[in-house]
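Please look over the model below before reading on.

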Amino acid sequence: MTLFDSPAFEGHEGVHSFFDEKTGLKTIIAVHSTARGPAAGGCRMWPYASAEAALEDALRLSRAMSYKNAMADLELGGGKAVIIGDSRTMKTPALFEAFGRAVDALGGRYWTAEDVGVSPSDLASARKQTRFVAGLEGHPAASGDPSPVTAEGIFRGVRLSVRRALKRDLDGVTVAIQGVGHVGGFLAEKLHAAGAKLILTDVNEAALAAVAERTGAQIVAPGEIFDTEADVFAPCALGGAINQETLPRLRAKVVAGGANNQLADPEIGRALFEMGVLYAPDYVINGGGIINVAGEIRALERGEAFDPSWVDAKLVKLTQMLEEVLDRAIAEGRPTHEVANEMAKARIAQAAAEKLAA
């Protein structure tokens, strides 16, 4: 299958690959849409098994960013960068400076930020070579690590989903969290503070133990998280967690978490619907981080200080958007992911038409 035949390529404006021999940088930057504004999305560093796997991930994540930014009502399109490599052993300032040059070569069509395997200090290196970087620290427009804001948006979405599906608040509800990195860890603390009982797993045993100690959570092996007796399953690791193998093992009545592309394929979403499971579409519920990034881009472009109140107002609207998706899904008798996809595509199409007419 060629790039143009891949289902994930649909709607993409451009896909760019860069190689820097001196630093070993191998990166793919996918730009899905600039209809609503410059494409924005984080950079992920991961030891992909192949360039084809990295490309597929970049394409799926880029498209999801277009949908996420549209549903968060941001003046941004969708894009994503992936760097092929092990972030634990291969990261250097020089490599991220080379990545900055790659971003700059796109002339502002893509803004980068953090994702898995990338930190604010890495972005500071990239910033030496391009201004199209957000998620920084140490200047008036800086928003810093967006993970706490992402977790806050997810927390609000989990709470809303529990109220809708279980007719109760979070106190006493059991939540199984797959992945307790930056976002999952912050989410665990928020849920614990709200009275939820937690079951956690992660491949990083040190991080897992630390979060469990802070929250009094039960720990299970990564492969056992799907079999736990939980009211809510919160995927907060990599994509594709809910697939044909794991779907029949779920006991939860709500799926709501921070991972991107949680459903291995669209049919999984319909299967959840038919099982009576409420699925909070990932790119709606986890939009807090990109809202934070958008606030920084807005401040940088205007030469202003970062405005947390602007971010807070967008977070409120994000929860309202999830409520609208849930309402429409009930009214129309359709899976939530189908409703959300339709809404996001309509917003992007309208922006593209307006841009063309201008």
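1. The face of helix 5 turned away from its buried side carries His182 and Ala193, both exposed. Exposed means over 50% relative accessible area, buried under 20%, partly exposed in between (1.4 Å probe, protein chains only). Helices are DSSP runs (H or I, at least four residues) and strands likewise (E, at least two), numbered from the N terminus.

2. This is a predicted model, where local features need pLDDT of at least 70, side-chain atom pairs count only at pLDDT 80 or more, and totals for chains, interfaces and linings use all residues. Residues are numbered from 1 along each chain as its sequence is written, and side-chain values use heavy atoms, with hydrogens and water left out.

3. Which residues of helix 5 are buried? They are Gly184, Gly185, Leu187, Ala188 and Leu191. These buried residues fall within an arc of 160° seen down the axis of helix 5, so they line one face. The arc is taken from the directions from the helix axis to the C-beta atoms.

4. The buried residues of helix 5 pack against several elements, among them helix 4 (147–166) and strand 6 (174–178). Contact here means heavy atoms within 4.5 Å. After helix 5 comes Gly195, with a positive phi near 95°.

5. Helix 10 (308–332) is one of the elements giving two or more residues to the lining of the second largest cavity. Its share is three residues, the most of any.
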